[in-house]
Amino acid sequence: LAKLAGPELEARLVDLFIEEITALPEEKITPIQLGLDGHGVGQVISAYPLSDEQRQKITKAIDDLLEIHSQFEFIRNENLLAGLSVSLGAWQLDLSLAGELNVYAEASGFGQ
């Protein structure tokens with residue numbers, strides 16, 4: 001699956017990330033909001049460089065969801081293979097190909 005990684009897959013995963021967080025139920029949103037006190041500084045890590053438009057969409061989706069004004073440091077880490085890893089306060093969300101492959105490997109006992 002790692003061979004599928006590329007900018008096209010990452011763009012689709014960015015869109016999926018935005019869809020997923022905008023669909024979070026209220027019971028998951030409230031604890032995140034309470035931990036941020038109306039603002040937040042976080043990191044968005046991606047395998048490939050994100051365009052300004054992608055950065056703005058990600059920030060807006062999170063700000064709208066959590067009703068905050070956030071600031072993100074955008075970092076590139078090729079080890080993710082494709083996708084995003086987001087941290088904001090104690091909240092962390094990994095929607096990366098590497099993260100999914102690790103979950104699969106752990107669940108299947110692959111490599112043990």
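A: Let us begin with one term, the salt bridge, which is counted when a side-chain nitrogen of Lys or Arg lies within 4 Å of a carboxyl oxygen of Asp or Glu. This is a predicted model, in which local features need pLDDT of at least 70 and side-chain atom pairs count only at pLDDT 80 or more, while totals for chains, interfaces and linings use all residues. Residues are numbered from 1 along each chain as its sequence is written, and side-chain values use heavy atoms, with hydrogens and water left out.

Q: How many salt bridges does a search of the whole structure find?

A: Side chains of opposite charge can pair when their charged atoms come close. Here the search of the whole structure finds three salt bridges. One joins the side chains of Lys57 and Glu53, at 3.5 Å from N to O, another joins Lys60 and Asp64 at 2.5 Å, and another joins Glu78 and Arg76 at 3.1 Å.

Q: Where do Lys57 and Glu53 lie?

A: Helices (H or I, at least four residues) and strands (E, at least two) are DSSP runs, numbered from the N terminus. Lys57 and Glu53 both belong to helix H3, where they are four residues apart, about one turn of the helix. Lys60 and Asp64 are likewise four residues apart in helix H3, so about one helical turn separates them.

Q: Is Glu78 buried or exposed?

A: A residue is called buried under 20% relative accessible area, exposed over 50%, and partly exposed in between, using a 1.4 Å probe and protein chains only. Glu78 has a relative accessible area of 56% and is therefore exposed, whereas its partner Arg76, at 47%, counts as partly exposed. Lys57 is also partly exposed, because its relative accessible area is 40%. Of the 112 residues of the protein, 38% count as buried.

Q: What pattern does the protein follow along the sequence?

A: The protein has four helices and four strands, and read along the sequence they follow the pattern α-α-β-α-β-β-β-α.

Q: How do the axes of helix H1 and helix H3 cross?

A: Axes are lines fitted to C-alpha atoms, for helices over the stretch in contact, and the angles run from 0 to 180 degrees between N-to-C directions. Angles under 35 degrees count as roughly parallel, over 145 as roughly antiparallel, 65 to 115 as roughly perpendicular, and the rest as oblique. The axes of H1 (residues 7–22) and H3 (residues 52–66) come within 9 Å and cross at roughly 10°, so the two helices are roughly parallel to each other. Contact means heavy atoms within 4.5 Å, and the residues that make this contact include Val14, Phe17 and Ile18 of H1 and Ile58, Ala61 and Ile62 of H3.

Q: Which residues touch the most other members of the largest nonpolar core?

A: In soluble globular proteins, nonpolar side chains tend to be buried together. A nonpolar core is a set of buried Ala, Val, Leu, Ile, Met, Phe, Trp, Tyr and Cys residues joined through side-chain atoms within 4.5 Å. The largest such core has 21 residues, of which Phe17, Ile58, Ile62 and Leu66 touch the most other members. H3 gives the largest share of this core, five residues. Leaving aside neighbours within four places in sequence, Ile58 is in contact with Val14, Phe17, Ile18, Val44, Leu50 and Leu84.
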